[in-house]
Amino acid sequence: MSMRISILNILMVFSSAVFGAIAPMSPKDLEKTSNLIITGKVIGVTSIIKKSKIEKSFGIHRDKIFYITINVTEILKGKSVCRDQKIDIRVWRPSLRIPPISGPQGYYPIPVKGDKIQAYCTQEGEKKYSALLPNGFSIIN
């Protein structure tokens, strides 16, 4: 019984030190912060579950990493891609949190194959892009 109380006390201390979900960025902030803004069509989505690099508190934490493959149709900002080029944009969502804790909840929305999108990205290396967190994708109708 006393061990359960100790574990609960430890969990409360750890959970009080974590951050909540990240608020969506305004259109002005998305444009200002990104170094690449493109429109295009999603031609593929793959995912893998990996140990979280985002959540570092005590416990077992896994994230689902998505690679969104886009055929670029228009470049609104940036010079690192060309029209009709295919690029992968990395996004994530939490997959498992033990103990359950609040914190960043990843990207919303995550587009699916066939969606026409506008993406606000940062370049993280040669041919490596990530959408701005949490709302770096807009689905265009």
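Which residue in strand 3 does I70 stand opposite?

Modeller: I70 stands opposite I87, a residue of strand 3. Please bear in mind throughout that this is a predicted model.

Of the 141 residues in the protein, 34% are buried. Among contacts with a separation of 6 or more, 65% are between residues 24 or more positions apart. The accessible surface comes to about 9000 Å², and carbon and sulfur atoms account for 58% of that surface.

Strand 3 covers residues 86-98, and strand 2 covers residues 60-77. The two strands run antiparallel and are joined by 12 bridges; the pair you asked about, I70 and I87, belongs to these two strands. Strand 3 also pairs with strand 5, which covers residues 128-131. In that case the strands run parallel, and two bridges join them. Here I89 stands opposite Y129 of strand 5.

Strands 2 and 3 are also linked through their side chains. R97 and D63 meet in a salt bridge, with a distance of 2.8 Å from N to O. This pair connects distant parts of the chain, for R97 lies in strand 3 and D63 in strand 2, 34 residues apart. Side chains of opposite charge can pair when their charged atoms come close. A search of the whole structure finds one salt bridge. Both partners are buried: R97 counts as such because its relative accessible area is 15%, under the cut-off of 20%, and D63 because its relative accessibility is 2%.

I60 is found in strand 2. With a relative accessible area of 42%, I60 is partly exposed, because this value falls between the limits of 20% and 50%.

E55 is buried, because its relative accessibility of 11% is under 20%. The side chains of E55 and S57 are joined by a polar contact of 2.7 Å. E55 can also be placed relative to I101: the two are 46 residues apart in sequence, while their C-alpha atoms are 9.5 Å apart in space.

Finally, Q118 illustrates the surroundings of another strand. This residue is found in strand 4, which covers residues 116-125. At 18% relative accessibility, Q118 counts as buried, because the value is under 20%. A polar contact of 2.9 Å joins its side chain to that of Y120. Leaving aside residues up to four places away in sequence, Q118 touches I37, I38, T39, L76, G136, F137, S138 and I140.

To return to your question, the position opposite I70 is held by I87, within a pair of antiparallel strands joined by 12 bridges and linked by the salt bridge between R97 and D63.

How values were computed
Residues are numbered from 1 along each chain as its sequence is written. This is a predicted model: local features need pLDDT of at least 70, side-chain atom pairs count only at pLDDT 80 or more; totals for chains, interfaces and linings use all residues. Side-chain values use heavy atoms; hydrogens and water are left out. Helices (H or I, at least four residues) and strands (E, at least two) are DSSP runs, numbered from the N terminus. Buried means under 20% relative accessible area, exposed over 50%, partly exposed in between (1.4 Å probe, protein chains only). A salt bridge is a side-chain nitrogen of Lys or Arg within 4 Å of a carboxyl oxygen of Asp or Glu. Two strands pair if DSSP finds at least two bridges between them. A polar contact is a pair of N or O atoms within 3.5 Å; within protein, one must be able to donate a hydrogen and the other to accept it, and residues adjacent in sequence count only if both atoms are side-chain atoms. Contact means heavy atoms within 4.5 Å. Accessible areas come from the Shrake-Rupley method with a 1.4 Å probe; for residues, only the protein chains shown count as cover.
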